[in-house]
Amino acid sequence: MTISQLYFSKSPENFHSLQKFVLEPIAEDFVLRQLKQLKTNKAIGLDNVSARLLTDSASVVSGSLTRLFNQSLESHTFPSLWKFGKVSVLFKKGDRCNANNYRPITVLPTVSKILEKAVHIQLYAYLTNNKIITSKQFGFRLKLSTGTALAHFTDNILQNMDTGRFTGAVFLDLSKPFDTVDHHLLLQKLINIGLTDSTVQWLRSYLTNRSQITAVGDAHSLAAKMPVGVPQGSILGPLLFLIYVNDLPNCPLASDIVLYADDTVLYYSSKDLTDLQHHLNVDLETVSEWFSRNLLTLNLSKCNFVIFGSPHKLKRIRKYLFK
């Protein structure tokens, strides 16, 4: 597998022809509008600045915040105060003494999210206009959803079923993928898709030197560094993750692939089960190698394999499947 297959969503020579992406200054009317639209019932970050306060004082503070945001972009530096997250835990189910039964929720300073949103809008427009995000990706994208991904997947299965084919699908699950994104690899991918050095420098500052504390009631833990991963609870984090996994469909695969953020489905159709098994196994090795090179880990206990076909076809092969 070549470097271009591992890291590029298009061939490297095509990126050289793209107009370079640079972050543009933020307008005050945008900041004012975002301040007025804040949801005032949101949790307060470690800066102790509430959304209610920002909304009520929007017309007074919008000018100062705009200058602060633009100074951040001009200096290619994300303010250190906004890199601290407060993690609380939400109980899911089961044994309350088992830490695995709690979901961590990270709260970041509300002000920082307005700056993130401005950057997100610009970066997403660049990715969309230049068709950089793979068409196989359905997560965190406008006008796409789990329903869209399911319809695409189901249509392919039904079309193959009409021609007497089986479809084998492998549903892949990753272990804490957002928390294990490697910053060096991500920044290299940002360079590869045409971001200017100054923009990458700002994003490097945004990603690095982050810390978080865990809060339970009035008790707080010591601050812990976050050397890897995209910030949980952020606006930019999901988009940066899409860029990180964007070149996965470029692996040389016989199977088709569907992505929904960190969820991946490999599927292959054939009239012959031996042929189906062979190609899916080969492609699984290829995808597994890609995950390894990109420092992502499969959660094997949550990966599943399903064979789709007409009831008549499945009945005929039941003995083969369960022997």
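Which cysteine holds the closest cysteine sulfur to that of cysteine 303, and how far away is it? In this predicted model, the closest one belongs to cysteine 251, and the two sulfurs are 16 Å apart, too far for a bond. A disulfide needs the sulfur atoms within 2.5 Å. The structure holds zero disulfides. Cysteine 97 counts as exposed because its relative accessibility is 76%.

Charged side chains come next. Side chains of opposite charge can pair when their charged atoms come close. The count of salt bridges here is three. One of them joins lysine 136 to aspartate 256, with the closest N and O atoms 2.9 Å apart. Lysine 136 sits in the loop between helix H6 and helix H7, and aspartate 256 is in strand E7, so the pair ties together parts that are 120 residues apart in sequence.

Another salt bridge, at 3.0 Å from N to O, is formed by aspartate 247 and lysine 189. This pair also links distant parts of the chain: aspartate 247 is in the loop between helix H10 and E7, while lysine 189 is in helix H8. Aspartate 247 is buried, at 1% relative accessible area, and lysine 189 is buried at 2%.

Arginine 293 and glutamate 289 also meet in a salt bridge. Both are in helix H11, four residues apart, so about one helical turn separates them.

Aspartate 262 has no such partner. This residue lies in the loop between strand E7 and strand E8. Aspartate 262 is buried without a salt bridge, and the nearest side chain of opposite charge, lysine 302, is 9.5 Å away. Among the residues that aspartate 262 touches are Leu172, Pro177 and Phe241.

Technical notes. Residues are numbered from 1 along each chain as its sequence is written. This is a predicted model: local features need pLDDT of at least 70, side-chain atom pairs count only at pLDDT 80 or more; totals for chains, interfaces and linings use all residues. Side-chain values use heavy atoms; hydrogens and water are left out. Buried means under 20% relative accessible area, exposed over 50%, partly exposed in between (1.4 Å probe, protein chains only). Helices (H or I, at least four residues) and strands (E, at least two) are DSSP runs, numbered from the N terminus. Lys and Arg count as positive and Asp and Glu as negative; His and the chain ends are not counted. A salt bridge is a side-chain nitrogen of Lys or Arg within 4 Å of a carboxyl oxygen of Asp or Glu. Contact means heavy atoms within 4.5 Å. Lists of a residue's contacts leave out its neighbours within four places in sequence.
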